[in-house]
Amino acid sequence: MRITASLQSRIGLFLFSCLWLSGCAHLAYQHMNDPSRDAWQKPKDVVERLGITPGSRIADLGAGGGYFTWHLASAAGPQGRVYAVDIDETGLKIITKEMQMRHITNVVPVHAEPTDARLPEPVDLVFSCDTYHHMDDRVAYFKSLTRYLKPDGRVAILDFHPHGFFSGLLGHGSAAEEVRREMESAGYRRTADFDLIDRQHFQMFMRSGF
Ligand SMILES: C[S@@+](CC[C@H](N)C(=O)[O-])C[C@H]1O[C@@H](n2cnc3c(N)ncnc32)[C@H](O)[C@@H]1O
């Protein structure tokens, strides 16, 4: 039997959920960083659409094991800074180890609270992949996040479409329209809606006044 990329990643998502539910968070994070994910996640195309300028300050909100962190850090360049923000120390430890191994100096791990990203300075871009559906009271969260955003700062949100067993039935996703509505209630306006990834929506927001 030939295993298609789609079937392969669905099996991956299943394994990830099993690992997470059985408490093997470390293995789950390693699975998230599996290079086979590149085939459908298209991280280079995603980062290209973000239009990051060298020297940018970026928050990777819900950084996990750093899958996107390294791509963002490369786009921000040596004068830039990427805050790898997560509430779970397991992923932050993986990121710290990787930074040391690869001598990366423009990434700063941040141990956040569920209701507070705890960023040390305002950023140009908050990037968040596959994290939105994990968050509680998102309208309040993104309303208060504006204190960490430069006036013309942007927020990029990618999340799984709520279809199928894992993303739909188990709630491992959110509807694009739901994200847009909630972000508008939090005081943002949508500036882009990219049709790039089959299984995820990818939207950009700015504060309403900008
Ligand atoms: C499914 S992982 C995605 C990781 C990474 N963005 C990626 O694409 O591989 C979701 C991550 O969001 C984190 N998370 C959940 N709620 C959060 C919150 N309120 N603030 C920061 N991180 C959060 C989780 O701990 C987890 O590491």
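Trainee: What percentage of the 210 residues of the chain count as buried?

Mentor: The model is predicted, so local features need pLDDT of at least 70 and side-chain atom pairs count only at pLDDT 80 or more, while totals for chains, interfaces and linings use all residues. Residues are numbered from 1 along each chain as its sequence is written, and side-chain values use heavy atoms, with hydrogens and water left out. Buried means under 20% relative accessible area, exposed over 50%, and partly exposed in between, with a 1.4 Å probe and protein chains only. Of the 210 residues of the chain, the share that counts as buried is 48%.

Trainee: How many helices and strands does the chain have?

Mentor: Both are DSSP runs numbered from the N terminus: helices are H or I with at least four residues, and strands are E with at least two. The chain has nine helices and seven strands.

Trainee: Among contacts between residues at least 6 apart in sequence, what percentage join residues at least 24 apart?

Mentor: A contact means heavy atoms within 4.5 Å. Among the contacts in the chain between residues at least 6 apart in sequence, the share joining residues at least 24 apart is 70%.

Trainee: Which residues around the ligand come nearest?

Mentor: A residue is near a molecule or strand if one of its heavy atoms lies within 4 Å of it. The shell around the ligand divides into eight nonpolar, four polar and four charged residues. Here Ala, Val, Leu, Ile, Met, Phe, Trp, Tyr, Cys and Pro count as nonpolar, Asp, Glu, Lys and Arg as charged, and the others, Gly among them, as polar. Of the 16 residues around the ligand, the nearest are Y29, R37, G62, D86 and C129.

Trainee: How much of the accessible area that the ligand has on its own does the protein cover?

Mentor: An N or O atom in the side chain of Y29 is 2.7 Å from an oxygen atom of the ligand, and a backbone N or O atom of G62 lies 2.7 Å from a ligand nitrogen atom. On its own the ligand has 610 Å² of accessible area, of which the protein covers 96%. Such areas come from the Shrake-Rupley method with a 1.4 Å probe, and for residues only the protein chains shown count as cover.

Trainee: Why is strand β2 largely enclosed by the rest of the structure?

Mentor: Strand β1 (residues 57-61) runs parallel to β2, and five bridges join them; two strands pair if DSSP finds at least two bridges between them. Within this pair, L61 stands opposite V85 in β2. Strand β2 (residues 81-86) is largely enclosed because the number of its six residues that are buried is five.

Trainee: With which side chain does the side chain of Y132 make a polar contact?

Mentor: Y132 is in the loop between β4 and α7, and it counts as buried because its relative accessibility is 1%. Beyond residues up to four places away in sequence, Y132 touches several residues, among them R138, F142, V179 and E182. A polar contact is a pair of N or O atoms within 3.5 Å; within protein, one must be able to donate a hydrogen and the other to accept it, and residues adjacent in sequence count only if both atoms are side-chain atoms. At 2.5 Å, the partner of the Y132 side chain is E182.

Trainee: Which residue in β7 is the bridge partner of R190?

Mentor: Strands β6 (residues 188-194) and β7 (residues 200-207) pair in the antiparallel sense over six bridges. They form a hairpin with five residues between them. R180, found in helix α9 (residues 176-185), touches R190, Q203 and F205, not counting residues up to four places away in sequence. The bridge partner of R190 in β7 is F205.

Trainee: Is H103 buried or exposed?

Mentor: H103 lies in the loop between α6 (89-102) and β3 (107-111). Most residues other than glycine have a negative phi. H103, although not a glycine, has a positive phi of about 55°. Because its relative accessibility is 68%, H103 counts as exposed.
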